[in-house]
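Hi,

Here is the structure I promised to pass on. Have a look at it first, and then read my notes below.

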Amino acid sequence: MPGNLYRKKLTELLRKKDLEKARWLENINKYVLPSHVKRILRKDKSVLQELVLPKWVTWELLYDWACTQKKEEGKLCVLCDEWHEVGIEFNGKFICEYCFLRIKNLK
Ligand SMILES: [Zn+2]
């Protein structure tokens, strides 16, 4: 589930009363722009050279947060774990058009 790691980290920081870090994480969208988010979602790690992130912010945390930003623009495919705008719902699960065609061609 996208956002789990992000929420877990935020909860952990609040519990430890590490408010400076918690505040940074809550305002992460002020430091990471939508254009960066798109590159993070493409797993383009060169984006890290352009961002000024605290050392405790891991790539996994950043990617997890980025996934929550993408929600309105598409759905997470259960097969390839990527965000897509086009696909089908199958038994309540979203499958992107690429994975759908791949499965169809296997049969
Ligand atoms: Zn897919």
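Gly74 counts as partly exposed, because it has 16 C-beta neighbours inside 10 Å, and a residue needs 20 or more to be buried and 12 or fewer to be exposed. Its place is in the loop between H5 and strand E1 (75–76). If you skip residues up to four places away in sequence, Gly74 touches Trp83, His84 and Glu85. Ile95 sits 21 residues from Gly74 along the chain, and 11 Å separate the two C-alpha atoms.

Do keep in mind that this is a predicted model.

Now the overall picture. The protein chain has 6 helices and 4 strands, and in sequence order they run α-α-α-α-α-β-β-β-β-α. The C-alpha trace spans about 55 × 30 × 20 Å along its principal axes. Of the 107 residues, 14% count as buried. As for contacts between residues at least 6 apart in sequence, 33% of them join residues at least 24 apart.

What makes up the largest nonpolar core? It holds 8 residues: Tyr6, Val32, Val37, Ile40, Leu62, Trp65, Ala66 and Cys67. Helix H4 (34–41) and helix H5 (59–70) are the elements that give two or more residues to this core, and H5 supplies the largest share, with 4 residues.

Helix H1 covers residues 4–15, which makes 12 residues, and reaches 16 Å from its first C-alpha to its last, close to the 16 Å expected at 1.5 Å a residue. Just after H1, Lys17 takes a positive phi of about 55 degrees. Lys16 lies in the loop between H1 and helix H2 (19–26). Is Lys16 buried or exposed? Lys16 counts as exposed, because it has 10 C-beta neighbours inside 10 Å and the cut-off for exposed is 12 or fewer. From Lys16 to Arg39 is 23 residues in sequence and 31 Å in space, C-alpha to C-alpha.

Another positive phi turns up at Lys43, about 60 degrees, although Lys43 is not a glycine. This residue lies in the loop between H4 and H5 and counts as exposed, because 11 C-beta neighbours fall inside 10 Å.

Last, the hairpin. Strand E3 (residues 87–90) and strand E4 (residues 93–96) pair in the antiparallel sense over 4 bridges; in one of the pairings, Glu89 has Phe94 of E4 as its bridge partner. The hairpin leaves 2 residues between the strands. Asn91, in the turn, has a positive phi of about 50 degrees, and Asn91 is a residue other than glycine. Asn91 counts as exposed, because there are 6 C-beta neighbours inside 10 Å.

Cheers

Conventions: Residues are numbered from 1 along each chain as its sequence is written. This is a predicted model: local features need pLDDT of at least 70, side-chain atom pairs count only at pLDDT 80 or more; totals for chains, interfaces and linings use all residues. Two residues are in contact if their C-beta atoms, placed from the backbone, lie within 7 Å. The expected span of a helix is 1.5 Å times one less than its number of residues. A nonpolar core is a set of buried Ala, Val, Leu, Ile, Met, Phe, Trp, Tyr and Cys residues joined through C-beta atoms within 7 Å. Two strands pair if DSSP finds at least two bridges between them.
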